[in-house]
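Dear colleague,

Please find below the structure that I am handing over to you. My notes on it follow directly after.

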Amino acid sequence: MAKAIIDPQGYVIGQVSGEGHREMLDDLINDMIQEHQEKGTINYQEIRLSLGQSVSTPLRFPGKVLADEKCDRFGVS
């Protein structure tokens, strides 16, 4: 399954297929975060999610969520 990395402005900045790309994705995402922090284009507003209710939010149907407690981040697909 192909995965696309989309920046905060909606541009596709990377794409991979299959597994085994964690290090490359970590580097790409970290670079993207740093760039957009400097540009002021990251929105850190909390997104509230209520599963089981019909609520229209940007993450209405997340497939997977991974919390990285060490880095205080999470990823959603």
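The lining of the largest pocket is made up of 21 nonpolar, 8 polar and 10 charged residues; here Ala, Val, Leu, Ile, Met, Phe, Trp, Tyr, Cys and Pro count as nonpolar, Asp, Glu, Lys and Arg as charged, and the others, Gly among them, as polar. The volume of this largest pocket is about 2,300 Å³. Of its 39 lining residues, I29, F74, G75, V76 and S77 are the closest to the centre of the pocket. Two or more lining residues come from each of β1, α1, β3 (65–68) and β4, and α1 gives the largest share, with 7 residues.

The pocket search used a 1 Å grid over the protein atoms alone: a pocket is an open set of points where a 1.4 Å probe fits, with protein on both sides within 12 Å along at least five of seven lines, and a lining residue has an atom within 4 Å of a point. Grid points are joined across faces, edges and corners, and the volume is the space filled by probe spheres set on the points.

The model is a predicted one, in which local features need pLDDT of at least 70 and side-chain atom pairs count only at pLDDT 80 or more, while totals for chains, interfaces and linings use all residues. Residues are numbered from 1 along each chain as its sequence is written, and side-chain values use heavy atoms, with hydrogens and water left out.

The average pLDDT of the protein (the predictor's confidence in each residue, from 0 to 100) is 84, and 83% of the residues score at least 70.

The secondary structure consists of 1 helix and 4 strands, in the order β-β-α-β-β from the N terminus on. Helices (H or I, at least four residues) and strands (E, at least two) are DSSP runs, numbered from the N terminus.

Two strand pairs deserve a description; strands count as paired if DSSP finds at least two bridges between them. Strand β1 (residues 2–6) runs antiparallel to strand β2 (residues 12–17), and 5 bridges join them. Within this pair, A2 stands opposite S17, and the bridge partner of A4 is Q15. The two strands form a hairpin with 5 residues between them, and G10 in the turn has a positive phi of about 90 degrees.

β3 and β4 also pair in the antiparallel sense, over 4 bridges, with V65 and V76 as bridge partners. Their hairpin has 4 residues between the strands. D72 lies in the loop between β3 and β4 and has a positive phi of about 55 degrees although it is not a glycine. As background, most residues other than glycine have a negative phi. D72 is also exposed, because its relative accessible area is 70%; exposed means over 50%, buried under 20% and partly exposed in between, with a 1.4 Å probe and protein chains only.

Which residues does H36 touch, leaving aside residues up to four places away in sequence? They are D7, P8, Q9, T41 and I42, where a contact means heavy atoms within 4.5 Å. H36 itself lies in helix α1 and counts as buried, because its relative accessibility is 1%. Across the protein, 9% of the 77 residues count as buried. Among contacts between residues at least 6 apart in sequence, 23% join residues at least 24 apart.

Finally, I would draw your attention to S77. The residue is placed in the segment after β4, and S77 is exposed, because its relative accessible area is 58%. From S77 to K3, 74 residues apart along the chain, the C-alpha separation is 9.1 Å.

With kind regards
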